[in-house]
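Please read the following report alongside the sequence and the coordinates.

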Amino acid sequence: MYNTELIFILIPFFIAALLCITVKNRRLIEISSLIASGISLLGSIIVSFRVAYFGVYAPFPFFSVDSLDAVVMLIIAFVGLATTVYSIEYLRQETTKNIIGLSGVSYLSSRVREYFILLNLFMAMMFLAIMVSSPLFAWIFIEATTLSTAFLISFYNKPSAIEGAWKYLIINSIGILLAFFGTLLFFSSTGSLASDGFISWHLLAINATNFNPLIIKVAFIFIFIGYGTKVGFAPMHTWKPDAYSKAPAPIGALFSGALLPVAFAVILKFKMITDIVVGPSFSQNLFIIFGLLSIVIAATIMFVSRNYKRLLAYSSIENAGIIAIGFGFGGLGIFAAMLHMIYHSFLKSALFFLSGNFLLKYNSAKITAIRGALNVVPITAILFLTGFFAITGAPPFGIFFTKIFILSAGIKEHPFIVITVIMLVSIVFIGFLKHAMVMIFEQGDSNIKAEKENIWLLLPPVALIVIALFLSFNIPPFLSILIYNIALHY
Amino acid sequence: MNILFLQFLLQVIFLTIVFLHISKKNFDAIWAYGIQSFAITILLLNSFFETGNISLLFVALLVLIVKVVLAPRFFARLIKKNELIFSVSTYLNIPITLIVIVLLCAIAFSGIFEPLTSIISSNQGLLSLALSTMFLSLFLIINRKSALSQIVGILSLENSIVAFAIFAGLEQSLSLQIGILFDISVWLIIATVFMSMMYTHFGSLDVTDMKKLKD
């Protein structure tokens, strides 16, 4: 049992995926997926404690978990469990409404089976990408997330879903190949280190002072563009609104809440090595440029968005931009950016779940179709409004403080950028508010009657919002240590 | 192997990508990709003969199976099944496409990318050529309207990166190479399935026909 947490996190996902293939009982598939996610959460918490109090955890060759990995593992685990719980009821409702597969919840629809196979594989690949100690293995598993999720985006098998999935597949494949090239360029500087064929993050870091700065600069640009495509930085973001809006709502939550931090973490690992070779200003400037561009594009489009799932996708692009600017400013900005990443993952996932509730009730993702939500789905509406205020940085939510800290970290050296970001964030708030108010308070179609809301569709978003709120006021000591270590090393 | 022969192989890879830009028939594109992948196989075999590293032999064999045999067969079946003899057009016409190709090559051979092309100074010209094949593959993905051409473009980009890696002396362990090849194989299957789905829903593989995301 000793030192086997990483195995315990991974194996249940593969077992659950295997069960989904072989077993025909829907309940068993759901329970196995739930158990896998539950165990991964437990394992992630244990690993995080170990890393916080005993340092880097590397129980096996090829596996290594540092503070950044531990935080991202926690994010994946929490969001993953919430997604699995939500998915079970969400798919049941969709099956009942004949949106997917056969009607009736006791009979297995092949689509439901397919969904849980891919969900479990997606979770396993994200954990693997973050746990492995080699940049090339990380690349392989990030690529594997693209492959496992393409069919989740096209899940509804509609032309628009196929189009969104195709766009996702092509753009991300290009991005991931550029990241591969960047990784190889990093290896070109290692010379004799490459003789055994295995180069770890640690090996790269300790030999970084011998690397060719010019090659590393070019390599980091390729890495940034490559993995930045997965994060969704502008101008590589174009797949994101389409994929998020066409995928089932819980998958959108997992994309925004878990995959974004995974890809971001890989960029940060390369940033750490690049900073050793060429100093921090090079990578920081890249983070600031792409971060600012992402916020500009998101703010502009969010204002005129007509689809609430696309609205959430652009909000993810905006928040990725803010996190990038935090890392660009450095110092306190990094600490705040990490906290921002955590808050964003929880809140955005919650908002995606709530968007799923709207979709189930109104059968449309158009903002104009959602009217009088406060009367029709009151709890969902109130939670959506709460989530909106939280994600846009209204006090007392944590994002308010992280934005303040990030901007204060850069006010001295980059006052123009800080002022621009403040203006853009205000535009985002107004744009989002405009849509949220109309959806929730404006009266609309009286044919849509209020019904009792399903507890299992409310519990996951409530849990995530409560955790985000709790973390806004009280960061547990072990998490503080992890984030402090990240600020110190990245 | 003679350096002139290695140069010839890289030139073959380069020319196949130029051909992919100007070819109109899907079958021709598949042939060009097969030849390109075969050139990569020989380059890997050469690395095996030079280093004696047995893992490179395995990788070469895997490339032969996956990229030279399986991938073209997948595509050929898809073309036959859906009767896609002719590919759809490009965004830019042929003369402008050729001008862009020249410009991209000039950029690859310019001083901008000298840090990359001088990784092994004796291979500078070859690395510049490999870099231009990468740029041309990227341009292929952007310029072609056909989903099949886009997939061939991505696979071609992957071949170009492998060629660059070989001339830059960046051989990796067998497990990693197999991992990457496994990824490419799975990607290939998924992309092929998607193409079938696209054809079913849109009646063509022209990506400009996909306009369902305008809402």
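The report below describes chain A and the side of it that touches chain B.

This is a predicted model, in which local features need pLDDT of at least 70, side-chain atom pairs count only at pLDDT 80 or more, and totals for chains, interfaces and linings use all residues. Residues are numbered from 1 along each chain as its sequence is written, while chains are lettered from A and ligands numbered from 1 in the order in which they are written.

Chain A has 19 helices and zero strands (DSSP runs of H or I with at least four residues, and of E with at least two, numbered from the N terminus). Of its 490 residues, 62% count as buried, a residue being buried if 20 or more other C-beta atoms, placed from the backbone, lie within 10 Å of its own.

Helix α13(A), residues 332–362, should span 45 Å at 1.5 Å a residue, and its end C-alpha atoms are 43 Å apart, which agrees; the expected span is 1.5 Å times one less than the number of residues. Because 30 of its 31 residues are buried, α13(A) is largely enclosed by the rest of the structure. Just after α13(A), Asn363(A) takes a positive phi of about 55°.

At the interface, 34 residues of chain A are in contact with 32 residues of chain B, contact meaning that the C-beta atoms, placed from the backbone, lie within 7 Å. The following elements of chain A each give two or more residues to this side, and α6(A) provides the largest share, 18 residues.

| Helix of chain A | Residues |
|---|---|
| α5(A) | residues 135–153 |
| α6(A) | residues 159–188 |
| α8(A) | residues 213–231 |

Technical notes: A residue is buried if 20 or more other C-beta atoms lie within 10 Å of its own, exposed if 12 or fewer, and partly exposed in between; C-beta atoms are placed from the backbone. Two residues are in contact if their C-beta atoms, placed from the backbone, lie within 7 Å.
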